[in-house]
Each structure stands twice: as C-alpha cells, then as structure tokens.
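Good morning, and thank you for coming. I would like to take you through one structure, which is displayed here.

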Amino acid sequence: MVRPKQETSSLLLDVPGVLILPPNHKAHVASCILSLRLVRSYLAEASKPQDLECRAWTALAEIGIRIIRAGWTASELTPWAEKLVDEVRFRPVQLFACVLIESYQVENAIGKGLLMAQRLSTLSVYKQALLLLQARLAHWQQNIKFSRSLVKRLSSSFTFPNPDQVFDVPSTPPWLIYSTHLTSISHCISQVPPDYNLAFSTLDDILNAADQLGDLSIKLLTHILKLRICFDAVLWDDVGPSLTYAEGALGLSYDDEIDPDKKEKTFVSFEDPFE
C-alpha cells in the first residue's frame, strides 16, 4: 500500500516530537540533529498545507533555540549547528565581556510562522507558542525589556475553562500557560540583577492556574520552585518552612531514630510515568 505524498511528508513533522530527549541523555545531540534535518526536509518541499507549514516553522524555531542556547552554534565540535546562524555579530555589552550570536534563521522562522498564524484564526495556538519562543530568543540576546513585554502580553491573553459561559470559548492549552510562567521565572532569576519579586509573583500565577485547571502535579511543582527561588535569593529564613512544606506535600519524612529499613514510604505517585 502506497501512502499519499502529503501523509508521508507530514510524518517528517511527527518524528521530532518522538525524538525529544532531556539534555543529559546520551542521544540528546543526535536527536536534535535528526529533528533539524527532518524539519528542513519538510520546509524544502514545494507545496505544503498552511497549517503544517506553520507547524514546521514553529518546530524549526523550537529546535533552533534549543541548539543556540546549548552553545552548539559557537562550538568547533558541532559544525552541523553553524548552519543555523546566517550571520554572526559582535557587540559589547555593559558589565559583560560576552558575544551575542543572533540567529537570523531562527528569527526568520518565528517571523514566517507568526505571519501565517495571524492570517488564520485556527492557527492561534501557534501564534502563542511562537510569541513564547520569541521571548526566549530575546532574553538570550540580552533584550530583557522586550522579552518581558512579550511574556506579559502572552500571559494577559490566557483564557480558562468556564462552565458558566453560554458560548463555548476556546481556552488556552495548559502546557502553554505553564510554559509561559516557567519561562518568566527562569528569566527573572537568570537576569542581572535577578527580579525575585516578579519570580514569586509569577509563582502565585502558576498556583492559581493549577487550582483552576485542577493540576495536582503542578501544585506540587510550585512548592519545589518556591524552595529553589528562596535558595537562589538567599532567603534563609524562608528556606526552612518552604522545605518542610515541600516535603510534607511530597509525602517525604525523615526521622533519624527510625531504622531506615522500617521507614514507611509514602511518596506521592503519578499515573504518568514521566512525572
């Protein structure tokens, strides 16, 4: 049985989602190389449906930012990544002797994807995902104000399920809500100087979103994140209570007087094996 060409071509965009691996996995680099080749192969085809083309540009931007942030575009050990960078520009930055590498190919992918997503309302989820990628790229380029503006604009557009509404209004996918807030926290604690007030405020936004969506695992994650931020901000008075609360939420208990072999294991478990 011969598959239609369009169906076979769309498989090129399905495989990268299967190949996603954590950065500490031994095959992480190989998965990025293969994913990049598959997406480029699809974009090189002559005729493509608009929804799949927009998806392909989004995938290229996602993979490209992952590679750029890993530093592979500037390493002699990864020559395959140099193709992502069409032009390298050096600019001095105050207080930093660093080099900014601007990948116009990734920016081009984000721009083309946004242009297509704005034309069709059915592609709105790609528009939101591309805005988040644009915010991450801007932060990597040290354009903090623009990055924060994009995240703020994206956060203000979130919609949650409301059973009292007469008309069915599409809600924002939970993964996009959490990804945006987590990106904001990451940017807050990695910028110089760190903005811990905004990080704690965003943490409350994640907790409120988890309450509305009924995500227990995300609620537990907020306790770990709060402990992480307290450590980073050197708020030692808050570390102890945050640690105790996180341990209680996760079902962890430590008692030196109890024999380790007889300790009761009451850890929180999840149905999803990846959690």
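Let me start with handedness: in this predicted model, helix 2 and helix 3 form a left-handed crossing. The residues that make this contact are, on helix 2, His28, Cys32, Ser35, Leu36, Val39, Tyr42 and Leu43. On helix 3 they are Leu52, Glu53, Ala56, Trp57, Ala59, Leu60, Ile63, Arg66 and Ile67.

As for the geometry, helix 2 covers residues 28–43 and helix 3 covers residues 50–69. Their axes come within 10 Å, and the crossing angle is roughly 150°. An angle over 145 degrees counts as roughly antiparallel, and helix 2 and helix 3 are therefore roughly antiparallel to each other.

Two cysteines deserve a word here. Is cysteine 32 buried or exposed? Its relative accessibility is 0%, so cysteine 32 counts as buried. Cysteine 54 likewise counts as buried, because its relative accessibility is also 0%. How many disulfides does the structure hold? The number is zero. For those new to the term, a disulfide is a covalent bond between the sulfur atoms of two cysteines.

Helix 8, residues 196–213, and helix 9, residues 216–232, have axes that come within 9 Å and cross at roughly 170°. Helix 8 and helix 9 are therefore roughly antiparallel to each other. From helix 8, the contact involves Tyr196, Ala199, Phe200, Leu203, Ile206, Leu207, Ala210 and Asp211. From helix 9, it involves Ile218, Lys219, Thr222, Leu225, Lys226, Ile229, Cys230 and Asp232. The residues of this contact between helix 8 and helix 9 comprise eleven nonpolar, one polar and four charged.

Finally, let us consider the chain as a whole. How many helices and strands does the chain have? There are ten helices and zero strands, and the pattern along the sequence accordingly reads α-α-α-α-α-α-α-α-α-α. Of the 275 residues in the chain, 35% are buried. What share of the contacts between residues at least 6 apart in sequence joins residues at least 24 apart? In this chain, that share is 53%.

To close, I would return to the two pairs: helix 2 with helix 3, and helix 8 with helix 9, each roughly antiparallel. Thank you for your attention.

Note on methods. Residues are numbered from 1 along each chain as its sequence is written. This is a predicted model: local features need pLDDT of at least 70, side-chain atom pairs count only at pLDDT 80 or more; totals for chains, interfaces and linings use all residues. Side-chain values use heavy atoms; hydrogens and water are left out. A disulfide is a pair of cysteine sulfur atoms within 2.5 Å. Buried means under 20% relative accessible area, exposed over 50%, partly exposed in between (1.4 Å probe, protein chains only). Axes are lines fitted to C-alpha atoms, for helices over the stretch in contact, and angles run from 0 to 180 degrees between N-to-C directions. Helices (H or I, at least four residues) and strands (E, at least two) are DSSP runs, numbered from the N terminus. Angles under 35 degrees count as roughly parallel, over 145 as roughly antiparallel, 65 to 115 as roughly perpendicular and the rest as oblique. A crossing is left-handed if the near helix is turned anticlockwise from the far one by less than a right angle, and right-handed if clockwise. Contact means heavy atoms within 4.5 Å. Ala, Val, Leu, Ile, Met, Phe, Trp, Tyr, Cys and Pro count as nonpolar, Asp, Glu, Lys and Arg as charged, and the others, Gly among them, as polar.
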